[in-house]
Amino acid sequence: MAITPEQDAVCRYLRRHDLMSFAPTAALIDMDGTLYDSMPGHADAWYRLMTEEGVECEHDEFFLYEGRTGRDTIRILFRRAFGREATDEECEALYHRKTQYFSEMPPVKPMPGADSMVGEFMRRGIATVLVTGSGQRSLIDRLERDYPGAFPPAMQITSRDVEHGKPHPEPYLRAMERAGACPESSIAVDNAPMGVISGAASGAFTIGVTTGPIPEKELMDAGADIVYPSMPVLAERLPLLLDTFGMSI
């Protein structure tokens, strides 16, 4: 009998970490592009900001920076365009403008299927923690309305809580601390290569989900243990994945 993709992914994770079983206690979940269909708006805002600043860039490249803090994104682009570091003052002023541009756009909607995913974790008693490189209050302040009880302030890791943003593992490691979990009992869910690298480097079982222009292969290459082609598919397959975690090898 053929094994499922979930069984294959879990077996590979267990062998790689020299584990006999895996009992998840924490789900560490990205925000932009995962909980909210917000990345097109962020890309629009970043592209507008940077072209105004004289930085040569392409609109879709900002999907690849997803997960980084705003400060890191600005500094990467300034080094490339001007051969120098952006100052702290420049980073603060530019990111403020970027958030203004984003807030002027029509309100974004929750990602289809994300509520089912979050609900499945909560029904099983798995703690849910927000892990975002953003400090965009316009979305963070909506979490309680759109995902009631899932991400209280004490269970949020944002750009203000870390020294190193994604792809560094710090955001996911800090989220584990908030949940009282260890890497071998944590699931990371992210839709961007930088976030997947961060989740995998933290030691969590890392789920990649394709919700934008980034191909599935890039998420696998970044270290995802399994990749789903959309959030609705992830939500549909999540019960099977969670049931699979108790298997032994």
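Which hand does the crossing of H1 and H12 have, right or left? Keep that in mind while we set up.

You're looking at a predicted model, so local features need pLDDT of at least 70 and side-chain atom pairs count only at pLDDT 80 or more, while totals for chains, interfaces and linings use all residues. Residues are numbered from 1 along each chain as its sequence is written, and side-chain values use heavy atoms, with hydrogens and water left out.

**Stop 1: H1 and H12**

Select helix H1 (residues 5-16) and helix H12 (residues 231-244). Helices here are DSSP runs of H or I with at least four residues, strands are runs of E with at least two, and both are numbered from the N terminus. The two axes come within 9 Å and cross at roughly 40 degrees. Axes are lines fitted to C-alpha atoms, for helices over the stretch in contact, with angles running from 0 to 180 degrees between N-to-C directions. H1 and H12 are therefore oblique to each other. As for that label, angles under 35 degrees count as roughly parallel, over 145 as roughly antiparallel, 65 to 115 as roughly perpendicular, and the rest as oblique.

And the opening question? The crossing of H1 and H12 is right-handed; that word applies if the near helix is turned clockwise from the far one by less than a right angle, and left-handed if anticlockwise. Now show side chains: Pro5, Glu6, Gln7 and Val10 of H1 meet Arg237, Leu240, Leu241 and Thr244 of H12. Contact means heavy atoms within 4.5 Å.

**Stop 2: H6 and H12**

H6 passes H12 in a left-handed crossing. On the H6 side, pick out Ala114, Ser116, Met117, Glu120 and Phe121; on H12, pick Met231, Leu234, Ala235, Leu238, Pro239 and Leu242.

**Stop 3: Asp190**

Jump to strand S4 (residues 186-190), where you'll find Asp190. Is Asp190 buried or exposed? Asp190 is buried, with a relative accessible area of 1%. Buried means under 20% relative accessible area, exposed over 50%, and partly exposed in between (1.4 Å probe, protein chains only). Show Lys166 too: its side chain makes a polar contact with the side chain of Asp190 at 2.9 Å. Such a contact is a pair of N or O atoms within 3.5 Å; within protein, one must be able to donate a hydrogen and the other to accept it, and residues adjacent in sequence count only if both atoms are side-chain atoms.

While you're at Lys166, look at the peptide bond from Lys166 to Pro167: it is cis, with omega near 15 degrees. Pro167 lies in the loop between strand S3 (156-157) and H9.

**Stop 4**

Next, select helix H10 (residues 193-202), where seven of its ten residues are buried. Those buried residues pack against several elements, including S4 and helix H9 (170-179).

Then go to Ile214, in the loop between S5 and H11. At 10% relative accessibility, Ile214 counts as buried. Leaving out residues up to four places away in sequence, Ile214 touches Phe63, Leu64, Ala192, Pro193 and Leu219.

**Last stop: Asp18**

Finish at Asp18, in the loop between H1 and strand S1 (26-29). Asp18 is not a glycine, yet has a positive phi of about 55 degrees. Asp18 is exposed, with a relative accessible area of 70%.
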